[in-house]
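The following briefing is prepared for a reader with the sequence and coordinates at hand.

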Amino acid sequence: MQSSSEPLTVLIAEDSAADRLLLSTIVRRQGHHVLTAADGAEAVDVYLEQRPHLVLMDAMMPVMDGFEAAQKIKQLAGDQLVPIIFLTSLTESEALARCLEAGGDDFLAKPYNQVILTAKIKAMDRLRRLQATVVEQRDQIARHHDYLLNEQRVAKAVFDKIAHSGCLSAPNIRYLQSPYALFNGDLLLAAFNPAGDMHILLGDFTGHGLPAAVGAMPLAEVFYGMTAKGYGLAQILREMNAKLKRILPVDMFCCATLLCLSFQRCTVEIWNGGMPDGYLHDSLSGVRTPLPARHLPLGVLTPQLFDDRTEVHPMSLGDRVFLLSDGVIETSDRDDQPFGVERLQQVFSANREPDRLFEDIQQALLDFRGEARDDFSMVEVRLVAPTQLNPPPPVYSDSGQSSPLDWSVSFEFRAQTLKRFNPMPYLLQLLLEVHGLRAQSGALYSVMSELYSNALDHGVLGLDSSLKRDAAGFARYYRERNTRLDELSDGYVRVHLHVSPNGEGGRLAIEVEDSGEGFDVARVLARPVDSDRLSGRGVSLVRQLSHQASWSDDGRSARVEFFWEALA
Amino acid sequence: MSVVTEVSPDGHKLTISIKGRFDFGRHQEFRESYERLHKKPDSIVVDLKEATYLDSSALGMLLLLRDHAGGDQSDIRVVNSSSDVKKILAISNFDKLFDIS
């Protein structure tokens, strides 16, 4: 007779002692444990003390009737299902309905039928177990959910600090990122390099949730660390790719656009791996030049196969670069049709106020989909005069007591090195050990970078800067530069640094020599400094930012000086 | 079945066909389609004729397949891609890793 289920504790609340005995006998015979109560109040007390699994409740009892007792017990049971079966001699449907309304789950008419009672207890036990399982799972899900929410909250706080320790608040940057875009794998970073150029990265990790956000940490670390030290895009990209390839599982990668906006040279250098087209917006003509993905995402290729080639475009004051994540163009409507690039371009052409572009795009997405989405990123960065920006001064952690003040060093970088390695960040780090130079680290870095790239591009590679007189020539120049660098087999760039005390302060002389053909120094220096011309900016920049700039050996050797006063 | 596998009679060529959305929901099936084979095929064809959509986790799955098939030495063709699917593969520059048609 006993079912496979576990024995239950059954409370029998019945004022008639004879009925109590009869029921107890039947229920015990089923293998269950029996508790008894003679009225409703006692039933509630017994329930409180012993928490039976199931209650057989007489409707009519003295002190407290079954209806009231049932309500109290149900209330005490809370989420748990304690099935209550009313025992009743009532027959009018109204009275039977009252049993159920009071919280009863079923009723059993007197006189008792043993078979039916047994069946009802079993059925109620099934319900009770089902409810218990549901409650348990619900609680488990709720716990997991709380746990996840808390993890996300903590992770978001940490990532927000990482993502916002840069210069995203600079006046020439506008961005729109849904609050939890990071947990959809989007990442937006911005920072100034020592020369005052701005690096921006918009990345999009595969997948969603925490796994996608985890890769953001090492990527941000590389981005900020190397940008602050003055590394170029190629080196930063190589490092990011190698790091992600090493730590991410095979099926995870990061689509990314990395760009360097140079306010002094008025150029944007860009690398796009797997992101949707970015756009370079010419503020005068209104033309938008697409900046398409030319590369595989970061973290896919081995360091040997990784392609770090960037593209350089000229820009004018007020021109903008616009980047977006695939959340924008992959937003789909109710029929699963994507928003797409064509619709985005329609928004571009309809846009009248450039500052309201984001709002226009958002509105178009809303109209298209009918509801907002929570996983997109957009960023727009404007070329402005360097004076409009205030790059924060670098922070140094040492005391300044061990500043080296009297030394010289010479380097020769030969063809195989020139191809892949930019020594400037190392040389700058070395020079910034001299505390007196720290205040002018930006100018120092700009001048050294110019001298080095002049020596490499025009000297060793023999490129003609007049190629850069228009935008098309600009592109041709950088294509030619890549080709010649690939083919380079000999040549050198030498860098000599002399630091010496000078009164209370000091003096740095930098000489940069190259193995090239040289140039007509007198003619180049006689040219007026013309900010609209794309070519020849290097020389005028060097003359503006340093002292005693001079060229010798038919232009093959350049020399500049920096001075500093006694430190306070 | 939204991932259908067919091995050529000589066992050299494996064809994996995807039906419907190629996204994270296909992860398990897709991996099993090549991991359960006892003998590694020489070449693999991923047929996307009936694939309606492809997301970045599908790109990740293709990378897993490529890794399993020998990485840079693998021979994987992705065929019958619709123009939308082709666009996604082109943005990611996956044509540098796979023979896409």
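Ala170(A) touches Ala190(A) and Leu389(A), residues up to four places away in sequence being left out; contact means that C-beta atoms, placed from the backbone, lie within 7 Å. The model is a predicted one, in which local features need pLDDT of at least 70, side-chain atom pairs count only at pLDDT 80 or more, and totals for chains, interfaces and linings use all residues. Residues are numbered from 1 along each chain as its sequence is written, while chains are lettered from A and ligands numbered from 1 in the order in which they are written.

**Surroundings of Ala170(A)**
- Ala170(A) lies in the loop between α5 (114–164) and β6 (173–177) of chain A; helices (H or I, at least four residues) and strands (E, at least two) are DSSP runs numbered from the N terminus.
- Ala170(A) counts as buried because it has 20 C-beta neighbours inside 10 Å; the class requires 20 or more other C-beta atoms within 10 Å, with 12 or fewer for exposed and partly exposed in between.
- A distance of 27 Å separates the C-alpha atoms of Ala170(A) and Leu298(A), which are 128 residues apart along the chain.

**Sheet and packed helices**
- Five strands of chain A form an open sheet in the order β7-β8-β9-β10-β13, with antiparallel pairing; a pair requires at least two DSSP bridges between the strands.
- Its edge strands are β7 (186–192) and β13 (311–314) of chain A, each pairing on one side only.
- Seven bridges join β7(A) to strand β8 (residues 198–205) of chain A in the antiparallel sense.
- Helix α7 (residues 216–228) of chain A lies across β7, β8 and β9 of chain A and runs at about 15° to β7(A); axes are lines fitted to C-alpha atoms, for helices over the stretch in contact, and angles run from 0 to 180 degrees between N-to-C directions.

**Nonpolar core**
- The largest nonpolar core has 91 residues, and Leu219(A), Phe223(A) and Ile236(A) have the most contacts inside it; such a core is a set of buried Ala, Val, Leu, Ile, Met, Phe, Trp, Tyr and Cys residues joined through C-beta atoms within 7 Å.
- Strand β9 (residues 254–262) of chain A gives the most to this core, with seven residues.
- Beyond its neighbours within four places in sequence, Phe223(A) is in contact with Leu189(A), Ala191(A), Leu201(A) and Ile236(A).

**Contact between chains**
- 13 residues of chain B are in contact with 13 residues of chain A.
- Helix α2 (residues 56–68) of chain B supplies the largest share of the chain B side, eight residues.

Key: Two residues are in contact if their C-beta atoms, placed from the backbone, lie within 7 Å.
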